[in-house]
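Here is a short briefing on one protein model. Look over the sequence and the structure before reading on.

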Amino acid sequence: MFRSKSKTIFLLFIISLFFSPHTVSLTISNKYFENDNFYSKLKNTSQKNNSNNLDFKSLPETKDLIEKEELGKIDPFSFNRKDEIINQFNVLKLLGVFSTSKKNYALIKYNNETGQIEVGDIGGENTILLPEKVLVKDINIKYSSIILELNDKEYQIKLD
């Protein structure tokens, strides 16, 4: 009941505003803009901004930036070289390590091929059980792991 009275009063107020013979005018005083000092400061500021004597540093040319900087990947979904290496090592699986009286060996599965590798084997040269140019640097029997080297970086593969 209270809401209906307040709505009615509000509606009457709005209607009275529309039909009232008096008009409301808003007058803005120009006393702040009539001051000559204000206009002169504004004029001086705009003249300074339009002058050709600005000391901005020039930006480097696009061709210079391209020559100096290494660009990132064009396609964000493509593999880069590091992704390719990681992907190759993810396909490689260490099945086991064993030792004879002379050498240590590792059993490897790579690209649906299974076999043994030894220290010094290089992928693509003397074995198909490793990615291209990957060197078997060490076979650790104690920790059941192998150390592979590619591009002077070592990667450790552990027995799962």
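The notes below cover confidence, the sheet and the nonpolar core.

This is a predicted model, in which local features need pLDDT of at least 70, side-chain atom pairs count only at pLDDT 80 or more, and totals for chains, interfaces and linings use all residues. Residues are numbered from 1 along each chain as its sequence is written, and side-chain values use heavy atoms, leaving out hydrogens and water.

**Confidence**
- The protein has a mean pLDDT (the predictor's confidence in each residue, from 0 to 100) of 76, and 64% of its residues reach 70 or more.
- Among the elements (helices, H or I, of at least four residues and strands, E, of at least two, taken as DSSP runs and numbered from the N terminus), mean pLDDT is lowest in helix H2 (residues 36-50), at 58, and highest in S4, at 94.

**Sheet**
- An open sheet is formed by 3 strands in the order S1-S2-S3, with antiparallel pairing (two strands pair if DSSP finds at least two bridges between them).
- Strand S1 (93-99) and strand S3 (113-118) are at the edges with a single partner strand each, so one side of each has no neighbour in the sheet.
- S1 and S2 are joined in the antiparallel sense over 6 bridges.
- Phe98 lies opposite Tyr105 in S2.

**Nonpolar core**
- A nonpolar core is a set of buried (under 20% relative accessible area, 1.4 Å probe, protein chains only) Ala, Val, Leu, Ile, Met, Phe, Trp, Tyr and Cys residues joined through side-chain atoms within 4.5 Å.
- The largest such core has 16 residues, of which Ile108, Ile117, Ile146 and Leu148 touch the most other members.
- At least two residues of this core come from each of strand S2 (104-110), strand S4 (135-140) and strand S5 (145-150).

Key. Buried means under 20% relative accessible area, exposed over 50%, partly exposed in between (1.4 Å probe, protein chains only).
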